[in-house]
Amino acid sequence: MISVHHLNNSRSHRILWLLEELELPYEVVPYQRDAATMLAPEALKRVHPLGKSPVITDGDVVVAESGAIIEYLVTRYGAGRLIPPEGTPERLRYSFWLHYAEGSAMPPLLLKLVFRTMATRAPWFIRPIAAAIAAATEKAFIDPQLALHGGYWNAELAKTPWFAGSAFTAADIQMSFPVELFLARAGVTDNIDRLKAFAAKIQARPAYVRALARGGEIHFT
Ligand SMILES: N[C@@H](CCC(=O)N[C@@H](CS)C(=O)NCC(=O)O)C(=O)O
């Protein structure tokens, strides 16, 4: 039995969604974030030393990292579903988005959160300085990067309906988290029409909805 060690309100939703798309049996092992720090509980480190979610177990096999989990599940159980045929241009695009989502798309989104948090949670006596540093860093570095990445996704989705091409694949599942977070967090309003359409399309998929019912709602902020 596949067990998904699922942290509430997290990237782990993508794995539940993938399993629902593949119509595979699985169990959800739930973990709750600490209300103050938002970190995962220590118990998750008993599954994998990093203590991050998602992580899955499948018999003796333990797989961490969303991209690696998606590769494992699609290769082992997909029977050719949700992945373009080998040797096609779509397969290369699929591979690109699968790696890009966590390697390049997420870092500026995480930086945005870190600097926003710094500005609002610094000790009161340095808060104005922290806020000024955060605002300057966001303006000079983070916001232009967000506009660059978001604009690129939007342009790519103008060429093909899904990230890897004409068919929905697991690359769309992997890119869903950056896209949904981007729409909520980046503060970018130009060149996002295709991103909005993509988000609406994925959120209407029955498997996406079933995954939310199993794992709980996600609040993108
Ligand atoms: N690149 C990793 C990121 C894993 C990760 O940072 N997960 C977050 C949840 S979205 C987490 O476990 N946070 C809790 C913590 O760091 O304690 C992946 O895609 O699996």
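**Starting with a hairpin**

Author: Happy to! This is a predicted model. Let's begin at the hairpin of S3 and S4, where two residues sit between the strands and glycine 59 has a positive phi near 65°.

Reader: Okay, and how many bridges join S3 to S4?

Author: Four bridges join S3 to S4, and the two strands run antiparallel. Within that pairing, valine 55 stands opposite alanine 64 in S4.

Reader: What is the order of the strands in the sheet?

Author: The order is S2-S1-S3-S4, four strands in an open sheet with mixed pairing. From one strand to the next, the twist averages 20°.

Reader: Which strands stand at the edges?

Author: Those are strand S2 (26-31) and strand S4 (61-64). Each has a single partner strand, so one side of each is left without a neighbour in the sheet.

Reader: And how do S1 and S3 run?

Author: S1 and strand S3 (residues 55-58) run antiparallel, joined by four bridges.

Reader: Nice, found it. New topic: which strands does H1 lie across?

Author: H1 lies across S1, S2 and S3, running at about 145° to S1.

Reader: Is H1 largely enclosed or left open?

Author: H1 is largely enclosed by the rest of the structure, because 10 of its 10 residues are buried. The buried residues include Trp17 and Leu18, but also His13, Arg14, Glu20 and Glu21. After H1 comes glutamate 23, with a positive phi near 55°.

Reader: What about the nonpolar residues? Which members of the largest core touch the most others?

Author: Leu18, Leu73 and Trp153 do, in a nonpolar core of 56 residues. Among the elements that give two or more residues to this core are strand S1 (2-7), helix H1 (13-22) and helix H2 (66-77). H3 gives the most, with 10 residues.

Reader: At what angle do H4 and H6 pack?

Author: They pack at about 70°, with their axes 8 Å apart. H4 and H6 are therefore roughly perpendicular to each other.

Reader: One last thing: is aspartate 172 buried or exposed?

Author: Aspartate 172 is found in helix H5. Its relative accessible area is 0%, so aspartate 172 is buried. Leaving aside neighbours within four places in sequence, aspartate 172 is in contact with Trp17, Trp162, Phe163, Ala167 and Phe198.

Reader: What lies 2.8 Å from a polar atom of its side chain?

Author: That is the backbone nitrogen of phenylalanine 163. For a view along the chain, aspartate 172 and tyrosine 72 are 100 residues apart in sequence and 16 Å apart in space, C-alpha to C-alpha.

Reader: Thanks, that helps a lot!

Definitions and conventions: Residues are numbered from 1 along each chain as its sequence is written. This is a predicted model: local features need pLDDT of at least 70, side-chain atom pairs count only at pLDDT 80 or more; totals for chains, interfaces and linings use all residues. Side-chain values use heavy atoms; hydrogens and water are left out. A nonpolar core is a set of buried Ala, Val, Leu, Ile, Met, Phe, Trp, Tyr and Cys residues joined through side-chain atoms within 4.5 Å. Buried means under 20% relative accessible area, exposed over 50%, partly exposed in between (1.4 Å probe, protein chains only). Contact means heavy atoms within 4.5 Å. A polar contact is a pair of N or O atoms within 3.5 Å; within protein, one must be able to donate a hydrogen and the other to accept it, and residues adjacent in sequence count only if both atoms are side-chain atoms. Two strands pair if DSSP finds at least two bridges between them. Axes are lines fitted to C-alpha atoms, for helices over the stretch in contact, and angles run from 0 to 180 degrees between N-to-C directions. Angles under 35 degrees count as roughly parallel, over 145 as roughly antiparallel, 65 to 115 as roughly perpendicular and the rest as oblique.
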